[in-house]
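Hi everyone, thanks for coming. Let me put the structure up on the screen, and then we can walk through a few of its parts together.

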Amino acid sequence: MGNLKLKGKDILKLGYPNNQSVNVALEVMKRNFATKNIHHVKSILKDILLNPESFEKDLTFGQIAESLLSSRKTEKRMLNTQRASFQIFGNNISEEAKNQLYTALKLPISTQGALMPDAHSGYGLPIGGVLAVENAVIPYGVGMDIGCRMSLSILDIPVSYLDGARDKYEKALAEHTKFGMYEVHKSHIDHEIFERDTFDMIPVLRRLKGKAIKQMGSSGGGNHFVEFGEVEITEEDDQIGLPKGKYLGILSHSGSRGLGAEIAQYYSRTAADQCPLPKEAQQFAWLDLNTHLGLEYWTAMNLAGDYASACHDDIHRRLVKAVGGRVKARIENHHNFAWKEIHNGKEVIVHRKGATPANVNELGMIPGSMTAKGFIVRGKGNPDALNSASHGAGRAHSRGECRSLFTQNDIKKELKLKKVTLIGGNTEEAPMAYKDIHEVMNAQSELVDILGTFQPRIVRMDK
């Protein structure tokens, strides 16, 4: 832990009570001040001890202040016997996914929930699950890939070029997109996000900054993709600002990479320590937003969301530079996030895990599969869905089932039938792995209006 020769007895001599605050102070100071002079470190600890209230919101010392101000024991939280109110949209949803939502609705902090029509079981909150809670955030309610998002750029290039110059577009995807754990770009742009002091204020972020810089502009594995395809605007909207017609588009789906994954893992473990729950609800451990750790996670989550957005900007920048043309419109939305919102006249924290915001007039993009159309949508702000919609078609088969059900040959037949070129990909993401996107869209007609479609033509995924 560095060179700092600080011991528990040194902290006790300063006047700290003989409880958990000593261990917290020791860990925080060794983590943040490993190379500092011990007298300097002791003087800081003395200042915190004399006036913990003034350090409560500090991202570095808040945890020490909190432990001094609170000597409460960590007591096991009990679930309510009654569920909070909820609504399920769509019929083709497994009992396992429903039961995961039902457990979440019994948390003492839960106020309302919903399941989107693409829902399927996940870890903690189901994918397609929406949960509103009071003044707390649930790391597994947000999910592992924090701020995962869809981003669509509509270009001023004739859509016929996808056939006439197909080799050019295939080459652009092959050379200018990077996927999975090991592929990264050779050169990087200087992005303002790396100048933010948030990276230096929170130790877990400080450690991850190098990885975030390295992975900038790359995409994850699994169901993440970058595609060229055919956009059709079927309803004009002032926010899009384009007449009805067909356009060439770039669509990407990815998140906050290793940065988001490690933030999720670290704070999920921390929440579990702070918030013991009955066995069936352990994955719903939360962090109170009045506490230092809650504030710390919230800050880290928002940074990861901004980083995911920056990655998409970089992906689209590289591809537009490679193929030419200009961006006429951009549509983005994200999932795997928590938002502060007003519902039923009260501020709540809304978790959308594999579900996207669909507030009144909010634009979004809901993809189908590598061969099925996706939909450009405008939200209706349905209060029963907590102003949400699906984030895709949703899985009909788990990744394990796909490996035994489908072969590469099955995928090739489907791709040929739909005239789609695939670079990378595997049987886990077979087009047949997903629910029928048209059924999903029909089940959320109360949640969104359809403004257009995106038909994939050239798809790049992890190998």
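Let's start with helix 14, residues 408–418, where Ile411, Glu414 and Leu415 are buried. Buried means under 20% relative accessible area, exposed means over 50%, and partly exposed is in between, using a 1.4 Å probe and protein chains only. Helices (H or I, at least four residues) and strands (E, at least two) are DSSP runs, numbered from the N terminus. Before we go on, please remember that this is a predicted model: local features need pLDDT of at least 70, side-chain atom pairs count only at pLDDT 80 or more, and totals for chains, interfaces and linings use all residues. Residues are numbered from 1 along each chain as its sequence is written, and side-chain values use heavy atoms, with hydrogens and water left out.

Back to our helix. An α-helix has 3.6 residues a turn, so residues three or four places apart point the same way. The buried residues of helix 14 pack against strand 16 (421–423), where contact means heavy atoms within 4.5 Å. On the face turned away from that buried side, you find the exposed residues Lys412, Lys413, Lys416 and Leu417. Just after the helix, lysine 419 takes a positive phi of about 55 degrees.

Now for some strands. Which residues of strand 3 (residues 127–133) are buried? The count is 7 of its 7 residues. Strand 3 has an antiparallel partner in strand 2 (residues 110–120), with 6 bridges joining them; two strands pair if DSSP finds at least two bridges between them. In that pairing, alanine 114 stands opposite valine 130. The hairpin has 6 residues between the strands, and glycine 124 there takes a positive phi near 80 degrees. Strand 3 also pairs with strand 11 (residues 346–353), again in the antiparallel sense, over 5 bridges. There, glycine 129 has lysine 353 as its bridge partner.

Strand 13 (residues 363–366) is covered on both faces: Leu363 and Met365 are buried on one side, Gly364 and Ile366 on the other. Strand 13 runs antiparallel to strand 14 (residues 374–379), joined by 4 bridges, and methionine 365 stands opposite isoleucine 376.

Next, two asparagines. Most residues other than glycine have a negative phi, and most peptide bonds are trans. Asparagine 344 has a positive phi of about 55 degrees, and asparagine 387 also has a positive phi of about 55 degrees. Are they buried or exposed? Asparagine 344, in the loop between strand 10 (337–343) and strand 11, is exposed at 74% relative accessibility. Asparagine 387, in the loop between strand 14 and strand 15 (388–390), is buried at 15%.

Last stop: glycine 180, in the loop between helix 8 (166–176) and helix 9 (198–201). Glycine 180 counts as buried at 5% relative accessibility. Leaving out residues up to four places away in sequence, glycine 180 touches Ser219, Gly220, Gly221, Arg257 and Asp462. The C-alpha atoms of glycine 180 and serine 218 are separated by 8.0 Å, with the two residues 38 apart along the chain.
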